[in-house]
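Subject: Structure handover

Hello,

Here is the structure you will be working with. Please open it next to this email and follow along.

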Amino acid sequence: MLIALNQDNKHVHAAKIKIMKQLSKHDLYSCPGCKAPVFLKKGKIKQAHFSHYAQSNCQMFSEGETEEHVLGKQLLFNWFIQQGYPCQLEAYLPELKQRPDLLIWLNEKRAVAVEFQCSSLSQERMVERTEGYLKNNYEVYWVLGSQFKLTSSISAFQRMFMYKFKKSGYCMFFLDVYREQLNICTDIQQNQLGSAVAFKEILVELASSKLTALTDIVTKTPCQNRQFKKMKNKTIAKELLASHHFLNRSRMYQETEMVLFQKYIYQRGHSLVSLPQEVYFPVENKLIIKTLPHFWKFILLEWITKKSLGTVITRLEITSQLKQMVKDKHLTFYSTPMIPLTEKRKAIDPFIHLLVQCNILAEVLPNQWLILSEPHFYLSEQEKLTDFSCFKK
């Protein structure tokens, strides 16, 4: 830990303490969390810090802190202080029995907890800490260490620390303490047929940057959403054929979810051959939805087409249908604690938009859609492949 209490019950920073040959009473320190005695470790190589004695069972402060973690907290602390924000290292929050790595006050009513996570953390513990902050009106930002830097794919662990912003899409924060750089990945997108991800990067030099807050960085950087209507016919044809071949390969390997999907459509008198075109269109939401995209799109399309032409469906009805799909385990979301469930449900919006482009739906009012037509179910694979190859809007 970087902060301890002295005999006067005041917070002291380990780096600011001068080593004396003989200790006085003011050189005796205690843990801000458990109040047990701690001692100062200060040398020429490692960052100065306090440590508990061997017999301590303190649950508030970890004695296994890495050099990266200690340096990272200090680096972020200096960055916010230089920008004029009140900031406290390792502030103990008694109502939560938690202490964030940093606590920042953006204004009198807006307190933000910042956690620098550079080691593994269980989903249960991450959710517990996050919910603790949110329920007590603290915003929370998780910043990951350099070993977790996003590359060409995204893991379940990384996905837990993903945010969603209106202007910048899905985002994540990473800190390289040795280069003193904050790396922000924005507009993260994942191909619906594989694990590959694409994203934009913002590199912030902490020694010179004057950007004020993490939220300012991402909200001032617009993302480029790829909408169906902006795609060229040739590109869509390629995507449709790739999606078709993906299903055929998955069928051959008898993957569990694929078997469940086939069973579902067969019970309703359909097959992989008859599936309508709309089920194959790519939509940018695999980062949030774990279920096979063809599966949930088929169920949602089936629900819509069971209604009479000319019927108006509302956002409330769609939300109710999504809840039923979750209950039936036909729609599963990834664990993304920093993205509210209400926001996750919006992941189906690109598909609704697509159905409007395909003239199956028409938006008559905000959050209200008129059912215009039914999707076409194919009679043969040759008909489908010809249609896909010669796609025209």
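First, a definition: helices (H or I, at least four residues) and strands (E, at least two) are DSSP runs, numbered from the N terminus. This is a predicted model, in which local features need pLDDT of at least 70, side-chain atom pairs count only at pLDDT 80 or more, and totals for chains, interfaces and linings use all residues. Residues are numbered from 1 along each chain as its sequence is written, and side-chain values use heavy atoms, with hydrogens and water left out.

**The chain as a whole**

The protein chain has eleven helices and 16 strands. It has 393 residues, and 49% of them are buried. Buried means under 20% relative accessible area, exposed means over 50%, and partly exposed lies in between (1.4 Å probe, protein chains only). Contact means heavy atoms within 4.5 Å. Take the contacts between residues at least 6 apart in sequence: 62% of them join residues at least 24 apart.

Start with H244. This residue lies in helix α5 (residues 233-253). Is H244 buried or exposed? H244 counts as buried, because its relative accessibility is 3%. Set aside residues up to four places away in sequence, and H244 touches Y280, E381, K384, L385 and F388.

Now find F116 in strand β8 (residues 110-117). F116 has a relative accessible area of 2%, so it is buried. Leave aside its neighbours within four places in sequence, and F116 is in contact with residues including E68, H69, D101, L144 and V177. L144 is 28 residues away along the chain, yet the C-alpha atoms of F116 and L144 are separated by 5.9 Å.

Next comes helix packing. Axes are lines fitted to C-alpha atoms, for helices over the stretch in contact, and angles run from 0 to 180 degrees between N-to-C directions. Angles under 35 degrees count as roughly parallel, over 145 as roughly antiparallel, 65 to 115 as roughly perpendicular and the rest as oblique. A crossing is left-handed if the near helix is turned anticlockwise from the far one by less than a right angle, and right-handed if clockwise. For residue classes, Ala, Val, Leu, Ile, Met, Phe, Trp, Tyr, Cys and Pro count as nonpolar, Asp, Glu, Lys and Arg as charged, and the others, Gly among them, as polar.

Take α6 with α7. Their axes are 10 Å apart, at an angle of about 20°. The two helices are therefore roughly parallel. Their crossing is left-handed. On the α6 side, the contact is made by E257, L260, F261, Y264 and I265; on the α7 side, by H294, F295, F298, I299 and E302. Seven of these residues are nonpolar, one is polar and two are charged.

Then α7 with α8 (residues 315-327). Here the axes come within 11 Å and cross at roughly 130°. That angle makes α7 oblique to α8. The crossing is right-handed. W296, I299, L300 and W303 of α7 meet E317, I318, Q321, L322 and M325 of α8. This contact has seven nonpolar, one polar and one charged residues.

Last, α7 with α10 (residues 349-357). The axes are 12 Å apart and the angle is about 55°. These helices are therefore oblique to each other. Their crossing is right-handed. W296, K297, L300, L301 and I304 come from α7, while F351, I352 and L355 come from α10. By class, there are seven nonpolar, no polar and one charged residues.

Where is R268? R268 is in the loop between α6 (256-266) and α7 (293-305). R268 is partly exposed, because its relative accessible area is 35%. A polar atom of its side chain lies 3.0 Å from the backbone oxygen of Y264.

K329 is in the loop between α8 and α9 (341-345). K329 is not a glycine, yet it has a positive phi of about 65°. Its relative accessibility is 71%, so K329 counts as exposed.

N367 sits in the loop between β15 (361-365) and β16 (368-371). Its phi is also positive, near 70°, in a residue other than glycine. N367 has a relative accessible area of 38%, so it is partly exposed.

Best wishes

Note on methods: Polar contact = N/O pair within 3.5 Å; in protein donor to acceptor, adjacent residues only side chain to side chain.
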